[in-house]
Amino acid sequence: MGVRFSEICIDAADIHELASWWSRFLGWPKEDTDDGDVLLRAPDGAGPNWLFLAVPDDKVVKNRIHFDFTPDDQDAEVARAIALGARHVDIGQGEQSWVVLADPEGNEFCILAAEE
């Protein structure tokens with residue numbers, strides 16, 4: 001018996017808006033599911049799909065899990081994320097090699113330093 005990591009489920013107040021934002025950031029196609037959720041389909045080798053689920057409550061605390069992205073050019077990806085609507089957030093990280101941002105609903109994610 002085994003398991004396969006197939007989806008990451010993300011709670012959202014506006015699943016269509018948040019999934020659209022992440023679709024633009026990741027460059028992954030977005031599709032509505034038969035259940036009324038929104039799915040971002042990961043390209044082969046890019047990891048699990050992302051499933052956005054509608055919830056009635058707002059995010060009020062720091063995420064207990066977050067995403068880290070390793071870009072080719074950190075400054076360019078930070079600037080692109082901000083241009084799309086992300087914002088810098090301070091979660092007490094201090095001066096680090098990564099940049100902490102939040103998506104339009106406040107979910108934190110990090111853009112790491114480019115690998116050399």
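**Terms and their grounds**

Author: Strand 1 (7-12) and strand 8 (108-111) each contribute at least two residues to the lining of the largest pocket. The model is a predicted one.

Reader: What makes a residue part of the lining of a pocket, and which residues lie nearest the centre of the largest pocket?

Author: A lining residue has an atom within 4 Å of a pocket point. In the largest pocket 24 residues form the lining, and Ile-10, Asp-11, Lys-59, Asn-63 and Asn-107 are those nearest its centre. Strand 1 supplies the largest share of this lining, with five residues. The space in the largest pocket amounts to about 540 Å³.

Reader: How is the lining of the largest pocket divided by class?

Author: The lining has 12 nonpolar, three polar and nine charged residues. Asp and Lys count as charged, so Asp-11 and Lys-59, both among the residues nearest the centre, fall in the charged class.

Reader: In what order do the elements of the protein chain run?

Author: The order from the N terminus is β-α-β-β-β-β-α-β-β-β, comprising two helices and eight strands. Among contacts between residues at least 6 apart in sequence, 50% join residues at least 24 apart.

Reader: Why is Trp-50 called buried?

Author: The relative accessible area of Trp-50 is 4%. Buried means under 20%, and therefore Trp-50 is classed as buried. This residue is placed in strand 4. Trp-50 touches, among others, Ile-8, Ile-10, Trp-22, Leu-26, Phe-67 and Phe-69. One of these, Ile-10, is also among the residues nearest the centre of the largest pocket. The C-alpha atoms of Trp-50 and Ser-23, which are 27 residues apart along the chain, are separated by 9.8 Å.

Reader: Trp-28 is placed in a loop. Why does Trp-28 count as buried?

Author: Trp-28 has 10% relative accessibility, and the cut-off for buried is under 20%; Trp-28 therefore counts as buried. The loop in question runs between helix 1 (15-26) and strand 2 (30-32). Among the residues that Trp-28 touches are Ser-23, Leu-40, Ala-42, Pro-43 and Trp-50.

Reader: What makes Pro-43 and Pro-104 partly exposed?

Author: Partly exposed covers values between the buried limit, under 20%, and the exposed limit, over 50%. Pro-43 has a relative accessible area of 38%, so it is partly exposed. Pro-104 has 47%, so Pro-104 is partly exposed as well. Pro-43 is in the loop between strand 3 (38-40) and strand 4 (49-54), whereas Pro-104 is in the loop between strand 7 (99-102) and strand 8. Pro-104 touches Leu-18, Trp-21 and Gly-85, residues up to four places away in sequence not being counted.

Note on methods:
Residues numbered from 1 in each chain as written. Predicted model: local features only at pLDDT ≥ 70, side-chain atom pairs only at ≥ 80, totals over all residues. Heavy atoms only, no water. 1 Å grid on protein atoms, 1.4 Å probe; cavity = no way out; pocket = protein on both sides within 12 Å on 5 of 7 lines; lining within 4 Å. Points joined across faces, edges and corners; volume = space filled by probe spheres on them. Helix = DSSP H or I, 4+ residues; strand = E, 2+ residues; numbered from the N terminus. Contact = heavy atoms within 4.5 Å. Buried < 20%, exposed > 50% of the residue type's maximum accessible area, 1.4 Å probe, protein only.
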